[in-house]
Amino acid sequence: MASLFETLLGTSLRTTMVDAEHALKGRDGYAYPVPATHAVLGTPLQGPWPEGTRVLYLASGCFWGAEKEAWQLPGVVTTAVGYMGGFTPYPTYEETCTGRTGHTETVMVAYDPAVLSDVDLMRHFWEEHDPTQGFRQGNDVGTQYRSAVFFTTPEQEAAARETRDAYAPLLKARGYGDVTTEIRSVDDAGTFYYAEGPHQQYLHKNPGGYCPVNSTGVACPLPPA
């Protein structure tokens with residue numbers, strides 16, 4: 001998933017977090033149309049969704065594979081990929097890949113908490129990637145591949161922190177390092193910017209496409225009651 005921009009700029013820049021002063025300027029609106037409907041689920045990408053739907057934003061590396069994992073979960077209403085947690089307004093994919101927007105590749109998950117609990121969604125998130133790698137996932141290197149949870153409710157925050165705390169010792173026991181995942185509120189992380197149309201549900205449109213799921217193979221337990 002590395003772009004020409006990544007190759008030209010080199011690893012050093014991409015693994016150093018940009019600050020607001022040096023981030024790309026961006027723009028006042030999308031430079032491309034955002035699809036209205038999920039190509040697999042047939043549901044609206046930007047709402048409205050059924051009453052009671054919750055939204056959580058999860059970053060676990062390359063967003064193509066992460067989104068496919070999410071849309072298959074029971075209780076998921078819709079998913080979308082985009083850019084979040086940085087500074088540049090309305091970035092493009094190419095800009096995000098330079099490491100100069102501050103964003104991480106993120107999957108927006110809208111779900112029915114009566115079917116898919118916050119805890120179970122978080123357990124899936126931890127298990128599908130390696131949350132100890134910092135600014136990378138597997139062969140994908142850069143700040144845009146960092147692990148992050150951007151929550152919208154207190155219940156989501158509690159689920160994220162409690163499952164992390166239950167999971168971290170098990171990772172340590174298997175030889176992994178400290179969990180580097182950001183856990184921040186949406187108010188702190190900023191706007192989720194939808195990615196370009198071809199990136200939405202990419203692996204449905206391109207079944208043979210790049211699909212890294214960098215799981216550690218360590219199961220995430222239920223947090224203590």
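Visitor: Which residue stands opposite Val 81 in β3?

Guide: Val 107 does. This is a predicted model, where local features need pLDDT of at least 70, side-chain atom pairs count only at pLDDT 80 or more, and totals for chains, interfaces and linings use all residues. Residues are numbered from 1 along each chain as its sequence is written, and side-chain values use heavy atoms, with hydrogens and water left out.

Visitor: What counts as a strand, and when do two of them pair?

Guide: Strands (E, at least two residues) and helices (H or I, at least four) are DSSP runs, numbered from the N terminus. Two strands pair if DSSP finds at least two bridges between them. Here, strand β2 (residues 76–84) and β3 pair in the antiparallel sense over eight bridges.

Visitor: Which strands does β1 pair with?

Guide: Strand β1 runs antiparallel to β3 (residues 104–111) over five bridges, and antiparallel to β6 (residues 148–151) over three bridges. Take Tyr 57: its bridge partner in β3 is Met 108, and in β6 Tyr 57 stands opposite Phe 150.

Visitor: How do I read the side chains of β3?

Guide: In a regular strand they alternate between the two faces of the sheet. In β3, Thr 104, Thr 106, Met 108 and Ala 110 point one way, while Glu 105, Val 107, Val 109 and Tyr 111 point the other way, and all are buried. Buried means under 20% relative accessible area, exposed over 50%, and partly exposed in between (1.4 Å probe, protein chains only).

Visitor: Why is β1 largely enclosed by the rest of the structure?

Guide: Because five of the six residues of β1 (residues 54–59) are buried.

Visitor: Where is Cys 62, and is Cys 62 buried or exposed?

Guide: Cys 62 is in the loop between β1 and α3 (63–71). At 3% relative accessibility, Cys 62 counts as buried. The UniProt annotation "active site", from an unreviewed entry, covers Cys 62; UniProt positions are given in the numbering used here, feature names are shortened, and annotations may be inferred rather than shown by experiment.

Visitor: What about helix α6, and where does α6 bend?

Guide: An α-helix has 3.6 residues a turn, so residues three or four places apart point the same way. In α6 (residues 154–173), the buried residues include Gln 156, Ala 160, Thr 163 and Tyr 167. Helix α6 bends by about 25° at Tyr 167, and Pro 169 follows within four residues; the bend is the angle between axes fitted to the seven residues ending there and the seven starting there.

Terms used:
The expected span of a helix is 1.5 Å times one less than its number of residues.
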